Amino acid sequence: MPAAVYDASAEGYVRFVGVEISAATEGPVDRSLLGAFVELMADAPAGRVADLGCGPGRVAAFLAAHEFDVFGVDVSGVMVVAARNALEQGKLTALPIADASLAGAVCWYSIIYTPPEHLDDVCLELSRVLAPGGYLLVAFQAGQGEGVHQANAHGTNLPLTSYRHDPEVVIRTLSGTGLKVHLRAVREPQFTHESSPQAFIIARAEPCQP
Ligand SMILES: C[S@@+](CC[C@H](N)C(=O)[O-])C[C@H]1O[C@@H](n2cnc3c(N)ncnc32)[C@H](O)[C@@H]1O
């Protein structure tokens, strides 16, 4: 269970990734896509932007620095306490967020614990909370949907399985909820902590017709 692992390892995780998006953990492509998301959001409706599966709120801090009204959601109560932005505890499959209320959302390496067979539940929920014209950015390790099991995840002695999603499956699942995919990108691993390609998808909720 990610909640138990991240509750138990929050301090070490924050030591590892820090509290900000930085060149130590995000490559130039990753950071440029976060920048692209910010620019695309000029076209989004007014409203709040959510960092979903926010951990210590690094993406929330990045977006807040760009003047967005940001909040985060995470299943780990300890992470929620560790983060500096206004955060709420909640699951990607049952977000504590009203229908069509978000101008934008980012899932930065948070769908990685969702088994492929449950991706549709998460994508439906993401589609539910985005306002018409709102943007979504998703980042994850890419593969063929295989699970990577750790018996001692993050040194907690707790088991945890993450999944390397097939980007085409994520794209198909997001599209199936009515979101329109704007960008798909896969880059090769470049950090020692990366053992697979990294995928990035930007999708948009259909804007209202004028
Ligand atoms: C790899 S960390 C990434 C955290 C943050 N996005 C970052 O880049 O620093 C994954 C985060 O997703 C959260 N998470 C995993 N599954 C979740 C779910 N189903 N609902 C909400 N949060 C989830 C974990 O608690 C953890 O904080």
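Which helices and strands do the buried residues of α3 pack against? The buried residues of α3 pack against α1 (2-17), α2 (28-40), β1 (48-52), β2 (70-74) and β4 (102-108).

## Basis of the model

This is a predicted model, in which local features need pLDDT of at least 70 and side-chain atom pairs count only at pLDDT 80 or more, while totals for chains, interfaces and linings use all residues. Residues are numbered from 1 along each chain as its sequence is written.

## Helix α3

Six of the eight residues of α3 (residues 58-65) are buried, so the helix is largely enclosed by the rest of the structure. They are Arg58, Val59, Ala60, Ala61, Phe62 and Leu63. Buried means 20 or more other C-beta atoms within 10 Å of the residue's own, exposed means 12 or fewer, and partly exposed is in between, with C-beta atoms placed from the backbone. Helices (H or I, at least four residues) and strands (E, at least two) are DSSP runs numbered from the N terminus.

After α3 comes Glu67, which has a positive phi, near 70°.

## Ligand shell

There are 19 residues around the ligand, and Tyr6, Gly53, Gly55, Val75 and Ser110 come nearest. A residue is near a molecule if its C-beta atom, placed from the backbone, lies within 6 Å of it. Both α1 and α3 supply at least two residues of this shell; α1 gives the most, with three residues.

By class the shell has 12 nonpolar, four polar and three charged residues. Ala, Val, Leu, Ile, Met, Phe, Trp, Tyr, Cys and Pro count as nonpolar, Asp, Glu, Lys and Arg as charged, and the others, Gly among them, as polar.

## Asp7

Asp7 lies in α1. It counts as partly exposed because it has 18 C-beta neighbours inside 10 Å. Leaving aside neighbours within four places in sequence, Asp7 is in contact (C-beta atoms, placed from the backbone, within 7 Å) with Ser76, Gly77 and Val78. Asp7 and Val75 are 68 residues apart in sequence, and their C-alpha atoms are 9.1 Å apart in space.

## Packing of α5 and α6

Helix α5 (residues 119-129) packs on helix α6 (residues 167-176) at an angle of about 45°, with the axes 9 Å apart. Therefore α5 is oblique to α6. Angles under 35 degrees count as roughly parallel, over 145 as roughly antiparallel, 65 to 115 as roughly perpendicular and the rest as oblique. Axes are lines fitted to C-alpha atoms, for helices over the stretch in contact, and angles run from 0 to 180 degrees between N-to-C directions.

The contact is made by Leu119, Asp120 and Cys123 of α5 and by Val169, Val170, Thr173 and Leu174 of α6. These residues divide into five nonpolar, one polar and one charged.

Definitions and conventions: Two residues are in contact if their C-beta atoms, placed from the backbone, lie within 7 Å.
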